[in-house]
Structures are given as structure tokens and as C-alpha cells.
Amino acid sequence: MFTSLSGRTAIVTGGSRGIGKGIAKRFGAAGLNVLVVSRSLDEASAVAAEVGPHAAGFAADVTNEAACAAMAAAAIDRFGSIDVLAANAGIFPAARLGEMTGADFDHVISTNLKSSFLTVSACLPAMKAQGQGRIVLTSSITGPITGYPGWSHYGASKAGQLGFMRTAAIELAPWNITVNAVMPGNIMTEGLDGLGADYLAKMTASIPMKRLGSVDDIANAALYFASDEAGYVTGQQLVIDGGQVLPE
Ligand code: NDP
């Protein structure tokens with residue numbers, strides 16, 4: 001489908017479960033070496049074993065600057081380059097205004113938004129030296145397009161990622177580094193499942209395609225943004241939601 005990505009290297013944060021696991025497996029199937037990253041080395045390594053021999057697990061908390069630098073160093077040590085960064089790690093705890101504390105807000109912004117800055121910054125020296133790179137952020141429809149009770153911090157973080165993306169795309173274009181974002185709707189993952197049966201039924205009913213998305217729906221788009229064929233696409237976002245945000 002695309003020019004071979006064999007031998008190139010991707011870092012996938014939040015790769016131990018859900019969408020990140022789907023991206024890691026899709027990237028591996030496309031021939032990329034994959035560093036699967038989560039806070040749990042055991043879980044990241046288990047996914048790496050599923051991805052195949054050209055994959056490894058690494059433990060890093062994406063809110064921690066030194067851990068992000070160690071993550072980038074590990075990819076170079078193990079595979080020799082960083083060609084693709086899928087900055088996907090994220091959390092979606094719910095707390096309504098009036099109940100949400102400043103610490104709750106900071107934690108979500110740090111995990112979902114500041115992590116984009118920290119992981120991109122850590123990978124930049126290698127990408128600049130190579131004169132090419134692909135960065136794919138996992139944003140959301142919630143925040144940039146829609147809202148949902150309990151997710152004011154989450155929505156702010158996901159809209160913030162798109163603001164970060166646009167300036168990063170301009171700044172990094174001279175090095176042939178592209179920065180794009182996928183915007184998933186409701187994708188069936190462990191994280192989404194944790195929101196409960198009522199939430200899942202309500203969301204499914206509101207989706208014109210009448211099904212939740214699969215992790216492959218997102219992974220295929222991430223692979224497109226990582227491909228040579230997307231080399232002239234930067235600063236863009238792609239909604240993948242079964243039509244959920246379309247007005248009836
Ligand atoms: P899951 O909860 O299933 O997986 C989250 C992943 O992120 C895990 O691998 C987790 O590993 C990792 N993670 C969480 N916090 C950190 C951290 N501080 N440092 C490193 N890794 C971390 O989530 P999903 O797969 O559902 O979501 C993935 C991304 O997609 C998120 O950014 C989310 O906002 C976004 N998204 C998801 C949607 C959905 O419907 N599922 C919809 C729209 C966007 P560990 O806990 O071991 O660190």
C-alpha cells in the first residue's frame with residue numbers, strides 16, 4: 001500500500017494498551033522497528049513480544065522530562081534512529097467543575113498535553129540530524145470539536161495538542177519533520193470500557209455508523225501520517241469517528 005518503512009524506527013507512547021497497542025502492531029506489521037512505551041516495563045515488553053522481533057518495551061512516564069530523554073536514547077541505542085514518534089499516551093479521568101481540583105487539572109494537562117512537548121523535544125535532535133521525521137499526536141474529538149461532562153481538563157488538553165501541533169509543524173518543516181494529529185471518536189479500548197456500559201450504549205447510539213471504532217481504525221491513519229506518501233502533509237488533523245461529529 002505504501003512505500004516500505006522497513007528498517008525505520010518508531011516510538012509509540014501509551015503502547016501497552018488500547019490505541020497505542022494497535023498503532024505499535026500496525027507499525028510493526030509495516031516493517032518498522034518499534035519501541036513500545038508505557039509506565040510498566042512488563043506490559044510494554046509483552047506488547048513488544050506480540051509486535052515481533054524488531055520491537056522492544058521501555059518504561060517511561062511521559063510527564064517526566066528525564067524519562068522522555070531516556071526513552072529517545074533507548075530507541076537510538078536499540079535501533080539506531082527515531083523516524084516516527086506516535087505521542088499517544090493519555091488519560092481520561094472524569095471530574096465535573098466544582099469537584100475538580102487544581103491537581104486533577106494539572107495531572108491531565110501534564111499527561112495529555114505537556115507530554116506531547118516533552119516527547120517531541122526528546123526526539124527532535126535525532127530527527128533533525130537525519131533531516132526527516134514523522135510525528136503523530138493522538139488528540140480527540142472531545143475538546144477540539146465537542147464537550148462532555150467531567151472532561152473540561154481533558155478537552156483543554158486535547159484542543160491544546162492541536163495548537164501545539166500547528167506551530168511545531170511550521171517550526172520543524174525545514175527539517176522535513178511533519179507533525180499531524182489523529183482525532184479519534186469513541187474507540188473500543190480498555191480505557192473506554194472503564195467508562196461503563198451506559199456510556200458505551202449512549203455513544204454507540206449517537207454514531208451514524210452505529211458502532212464504536214476499533215484501534216485499527218486509528219492505527220491505519222497513524223500509519224498514513226508516518227508514511228513517505230504523507231510527506232507533504234503537515235499541521236493537519238484527521239477525525240476518525242464513524243461520523244459522530246456530523247450534524248444530523
Ligand atoms: P488506555 O487507557 O487503553 O491506554 C492508555 C495508555 O497510555 C496505556 O498504555 C498507559 O500505560 C499509557 N499511559 C498513561 N499514562 C502514562 C504516562 N504518564 N506515561 C506513559 N504512559 C502512560 O487508553 P486509550 O488507548 O483509550 O487512549 C489512548 C489515547 O487515545 C489517549 O491519548 C486518549 O486520550 C486518546 N483517545 C482515546 C479515545 C477512545 O475512545 N479510546 C478517544 C479519543 C482519544 P501505563 O498506564 O502502563 O503507563
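Residues are numbered from 1 along each chain as its sequence is written. Because the model is predicted, local features need pLDDT of at least 70 and side-chain atom pairs count only at pLDDT 80 or more, while totals for chains, interfaces and linings use all residues.

**Ligand shell.** The ligand is surrounded by 31 residues, taken as those whose C-beta atom, placed from the backbone, lies within 6 Å of it. Gly14, Gly18, Arg39, Gly90 and Gly191 are the closest. Two or more residues each come from α1 (18-29), α4 (102-130) and α6 (190-193); helices (H or I, at least four residues) and strands (E, at least two) are DSSP runs, numbered from the N terminus. The shell holds eight nonpolar, 18 polar and five charged residues. In these classes Ala, Val, Leu, Ile, Met, Phe, Trp, Tyr, Cys and Pro are nonpolar, Asp, Glu, Lys and Arg are charged, and the others, Gly among them, are polar.

Beyond four places in sequence, Val12 touches residues including Gly20, Phe27 and Asn88; contact means C-beta atoms, placed from the backbone, within 7 Å.

**Helices α3 and α4.** The axes of α3 (residues 65-79) and α4 come within 9 Å and cross at roughly 35°. Axes are lines fitted to C-alpha atoms, for helices over the stretch in contact, with angles from 0 to 180 degrees between N-to-C directions. On the α3 side the contact is made by Glu65, Cys68, Ala69, Met71, Ala72 and Ile76, and on the α4 side by Leu118, Thr119, Ala122, Cys123 and Ala126. Nine of these residues are nonpolar, one is polar and one charged.

**Two residues.** Ala126 is found in helix α4, and Met100 in the loop between β4 (84-87) and α4. Ala126 is buried because 20 other C-beta atoms lie within 10 Å, whereas Met100 is partly exposed because this residue has 17 such neighbours. The cut-offs are 20 or more for buried, 12 or fewer for exposed, and partly exposed in between. Apart from residues up to four places away, Ala126 touches Ala72, Ile76, Ser81 and Ile82, and Met100 touches Ala95, Phe105 and His153.

| Pair | Separation along chain | C-alpha distance |
|---|---|---|
| Ala126 and Ile82 | 44 residues | 6.2 Å |
| Met100 and Trp151 | 51 residues | 9.8 Å |

Notes. Contact = placed C-beta atoms within 7 Å.
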